[in-house]
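Biologist: I have some questions about this model. Can we go through it residue by residue?
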Amino acid sequence: MFSDIQVAPSILSADFANLGRDVQMVADAGADWIHVDVMDGHFVPNLTIGPNHVKALKRVTDVPLDVHLMIDNPEVQVPWYLEAGADSVTVHIEACKDAAAIIQTIHDADAEAGISLNPETEVEALEECLALVDMILVMSVHPGFGGQSFIEETPAKIEAIVAMCKKANVSPRIEVDGGINAQTARLCVGAGADVLVAGSAIFNADDPAAALKGIRDAAD
């Protein structure tokens, strides 16, 4: 696995009226990625943003954009986000008719490819993708809304995925998303995660830069 812990603030919890300002703020604070949660109102019960927002974010930051597609039809929409400038695109295994083909589309655009699984999805669903992806995203809440509580079983799930990867002799990044703060970050990193997505714990803090640093320090 990757040795350095990376922090990816999720703009789902940012101030959308001042999105450029908030993204620049966490970029200046040392964010490794900007996590962009795309929801379609079908795969998850919420509706957020689209490729035009990704295109706009590319104009205000050089921090790589980590686009997480919580959508029903990734086969159709993935090219939209690649064209908009996504540096990494993650799709859900539950939504893919042909995960390998989608991953190839992402790689053909010189972007990193990720696969995600929901809390109720067994880790075995990832087996066919382990050798294909750059990153595995473990949902530590039920996708759709920010500010949810961390699911306690998540570290055990991360450990199971890490074991699968070692058995397959592959080393994708292990990203975790949902309910991440200084305490849960430590648990996830201890289980094998190396990319931490944090939304409300950073953007809702009195000092977002200090909150980001606190998560990184706790994880390290």
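Biologist: Is glutamine 6 buried or exposed?
Modeller: Glutamine 6 is buried, because its relative accessible area is 17%; buried means under 20% relative accessible area, exposed over 50%, and partly exposed in between, with a 1.4 Å probe and protein chains only. This is a predicted model, where local features need pLDDT of at least 70, side-chain atom pairs count only at pLDDT 80 or more, and totals for chains, interfaces and linings use all residues. Residues are numbered from 1 along each chain as its sequence is written, and side-chain values use heavy atoms, with hydrogens and water left out.

Biologist: Where is glutamine 6?
Modeller: Glutamine 6 is in strand S1, residues 6-9. Helices (H or I, at least four residues) and strands (E, at least two) are DSSP runs, numbered from the N terminus.

Biologist: Which side chain does the side chain of glutamine 6 make a polar contact with?
Modeller: That of tryptophan 33, at 2.9 Å. A polar contact is a pair of N or O atoms within 3.5 Å; within protein, one must be able to donate a hydrogen and the other to accept it, and residues adjacent in sequence count only if both atoms are side-chain atoms.

Biologist: And what does glutamine 6 touch, not counting residues up to four places away in sequence?
Modeller: Asp32, Trp33, Arg173, Asp194, Val195, Leu196 and Arg216. Contact means heavy atoms within 4.5 Å.

Biologist: Arginine 216 is on that list. Where does arginine 216 lie?
Modeller: Arginine 216 lies in helix H8. With a relative accessible area of 18%, arginine 216 is buried. A polar atom of its side chain lies 2.7 Å from the backbone oxygen of glycine 30. Leaving aside neighbours within four places in sequence, arginine 216 is in contact with Ile5, Gln6, Val7, Gly30, Ala31 and Asp32.

Biologist: Staying with H8, how does H6 pass H8?
Modeller: In a right-handed crossing; a crossing is right-handed if the near helix is turned clockwise from the far one by less than a right angle, and left-handed if anticlockwise. The axes of H6 (residues 182-191) and H8 (residues 208-219) come within 8 Å and cross at roughly 35°. Axes here are lines fitted to C-alpha atoms, for helices over the stretch in contact, and angles run from 0 to 180 degrees between N-to-C directions.

Biologist: Which residues make the contact?
Modeller: Ala182, Ala185, Arg186 and Val189 of H6, with Gly214, Ile215, Ala218 and Ala219 of H8. They divide into six nonpolar, one polar and one charged. Ala, Val, Leu, Ile, Met, Phe, Trp, Tyr, Cys and Pro count as nonpolar, Asp, Glu, Lys and Arg as charged, and the others, Gly among them, as polar.

Biologist: New topic. Which residues touch the most other members of the largest nonpolar core?
Modeller: Ile115, Ile136 and Leu196, out of 66 residues. The largest share of this core, five residues, comes from helix H5, residues 154-168. A nonpolar core is a set of buried Ala, Val, Leu, Ile, Met, Phe, Trp, Tyr and Cys residues joined through side-chain atoms within 4.5 Å.

Biologist: Histidine 35 next. Is histidine 35 buried or exposed?
Modeller: Histidine 35 is buried, with a relative accessible area of 0%. It is placed in strand S2, residues 34-39. Its side chain makes polar contacts with the side chains of aspartate 37 at 3.1 Å and aspartate 177 at 3.3 Å.

Biologist: What about aspartate 134, where is that found?
Modeller: Aspartate 134 is in the loop between strand S5 (112-117) and strand S6 (135-139). It counts as partly exposed because its relative accessibility is 25%. The side chains of aspartate 134 and histidine 107 are joined by a polar contact of 2.8 Å. A polar atom of the aspartate 134 side chain also lies 2.7 Å from the backbone nitrogen of alanine 113.

Biologist: Last one. What is the phi of aspartate 110?
Modeller: Positive, about 60°, although aspartate 110 is not a glycine. Most residues other than glycine have a negative phi. Aspartate 110 lies in the loop between helix H4 (99-108) and S5, and is exposed at a relative accessible area of 75%. Asparagine 169 also has a positive phi of about 60°, and lies in the loop between H5 and strand S7 (173-177).
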